[in-house]
Amino acid sequence: MPETTHNHALPTLPPLTYRGAALYCEDANLADLAREYGTPLYIYSQARILQNVRQLQAAFAPANPLLCFSVKANNNRALLALLHAQGLGFDVVSGGELHCAMQAGAPAHNIAFAGVGKTDAELQQALQARVGWLNVETAEELERLEQFAASAGVLQQVVLRLNPAIDADTHHQIATGGANAKFGLLVAEARALAARPWPHLDLCGVHLHIGSQLRSPAATLAALDVALEFMRASLPSATVLDLGGGFPVAYQLEEEVPDINVFATPILRRLKEYGRPLRLLLEPGRCLLADAGALLVTVMAVRNRSAARTIIVDGGMNTLARPAIYGAHHELLPVRHTPATGPADVAGPICESTDYLARNRSLPALQRGDQLAICTTGAYGYSMASQYNAQPRPAEVLVAEASTRIIRRRETFADLE
Ligand code: LLP
C-alpha cells in the first residue's frame, strides 16, 4: 500500500514526510486532518517540539540556563503548557502574554517581562504576579517601576536591556540591536541608571536581544562582550545575564543555517572567562516552534493566464502574515504529491494586492479542493494572525504520533463581535 511506504526520494521539511504520495505529520495523514478539522489549520508536531527543546538544552547544558520561551512566537496555551512541563520559563512582552503564560501553569518566578513600552497597568500586574525579572529599556520606565514597587512594598529584580549598538546579521526588519533601533539603553544611559539608588529595585543584570533569525554568531558575541564589560565596570554585583533569542531555523529545502552549537560554544567560553557565576537566561522563540508547525490550506480556485498561474487558497496574510510583511519564504508541499507541472503564485482570499503566500513556485496541477502544507509556520504564524476582512482565525491541532487534538478552536462569527 503506497500510503504506508516511506518515500525518502521526496524532499520535505520537518515535521512533514511523504509516505507514498500522502503527506504526514508524525503518523497523522494531513488529508485526514484537513477533512476532520477543516482548513486553514495550524498543526504542530509534539515530537519535533520536544526534540528542539532537548537540542537547545543540550547545547547550553554546561551553563544550566533557564530557557524562557518567547511567547510572542506562539501563545497557544497547550503548547506553553507542554514547554512548561519541560522545565521552561517564559519571556513575555505584554500583560496579555503574562496572562497566557500563567494560564499555562508557569510560576511567575520563571517569567521575564520585557518590552519597549509597558503601561502602568502592565508594570503593576507584573509586580503583583511577582515575575522573576522585569527587563527595563528606558529611564522613565525604571522610575515608574521604583514608585510602584515602593507603594507595593516589594523588592523587584530588574535587568537592564542594553542596546549594544551592534547590527545583527539578519533581515533588517527583525534586527533590534543597532544604535538607532528603538530597543534598549545605550551603555552610557545604562551606566547612569546603574549609578543611581533604587531602594525597591534590585538591578541584578543585563538583557540583550539583537535580532531574530541570526545568520551568524559574530554580532551576538560582540554584543555579549559589550554586556560583560558593562557588568564588570558598572554593575559588578550583577548575577543575571539574559541573552535573548534569535537562533535561526531553515526555511528553505536544503538551506544551511548555523547549528546551535556554533552559537553555544563561544558563548559558553566567554561566560566561563567572565570569572563570576551568572544565571543565564535565554529567550528562544523561533528555534523551538517554527519547524514544528505547518499551515494547511485548501485550493479554492486556479486562474490560468498566459503570464502566470495563480492558485487561490483559503488562508492568506490574515492567517500567515510573514510573506506579506517580510517577503518571507515558506516552502509549500502538496498534501497529495504529484509531479510539478510549472510555476505558480499562491494567493490568499484577502482584498489586498500583497496577499500572496508564495510567488513563482514549482507546483503540480492543483485543482479546487486540493490542499497545500505551508512549512515552518509554528513560530510567528498564528500569533501574528489577524481577523482582517472579518475572517475568523483558524484552529490549531497538536499531533503526537497518530493522535491529534484541537488545542485552539476555530473562531466563529461570534468572535468577530
Ligand atoms: N527576546 C526578545 C526580547 C525578542 O524581541 C524576541 C523576538 C525574542 C526573544 C525571540 O526571538 P526568536 O528566538 O524567535 O528569534 N515576527 C518576526 C520575528 C520578530 C521577533 C521579535 N522579537 C518574524 O516572523 O520573523
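These legends go with a few close-up views of a predicted model and its ligand.

**View 1. Two domains, side by side.** The protein splits into domain 1 (16-45 + 290-416) and domain 2 (114-284). Where they touch, domain 1 puts in nine residues and domain 2 puts in nine residues.

**View 2. Where the ligand sits.** Look for the largest pocket: that's the space the ligand takes up. Why does the ligand lie between domain 1 and domain 2? Both domains give residues to the shell around the ligand, so that's where it ends up.

**View 3. Meet the neighbours.** Count the residues around the ligand and you'll get to 19. The closest are Ser-212, Glu-283, Arg-286, Arg-322 and Tyr-380.

View 4. Start with Glu-283, which has a polar side-chain atom 2.6 Å from a ligand nitrogen. Tyr-326 also uses its side chain: one of its N or O atoms there is 2.8 Å from a nitrogen atom of the ligand. And what part of Arg-286 lies 2.8 Å from an oxygen atom of the ligand? Here it's the backbone, through an N or O atom. So how much of the ligand does the protein bury? On its own the ligand would expose 590 Å², and the protein buries 92% of that.

Technical notes: Residues numbered from 1 in each chain as written. Predicted model: local features only at pLDDT ≥ 70, side-chain atom pairs only at ≥ 80, totals over all residues. Heavy atoms only, no water. Near = heavy atom within 4 Å. Polar contact = N/O pair within 3.5 Å; in protein donor to acceptor, adjacent residues only side chain to side chain. Areas by Shrake-Rupley, 256 points an atom, 1.4 Å probe, with all protein chains shown as cover. 1 Å grid on protein atoms, 1.4 Å probe; cavity = no way out; pocket = protein on both sides within 12 Å on 5 of 7 lines; lining within 4 Å. Sits in = over half its atoms within 2 Å of the grid points. Domains from an automatic or database assignment. Contact = heavy atoms within 4.5 Å.
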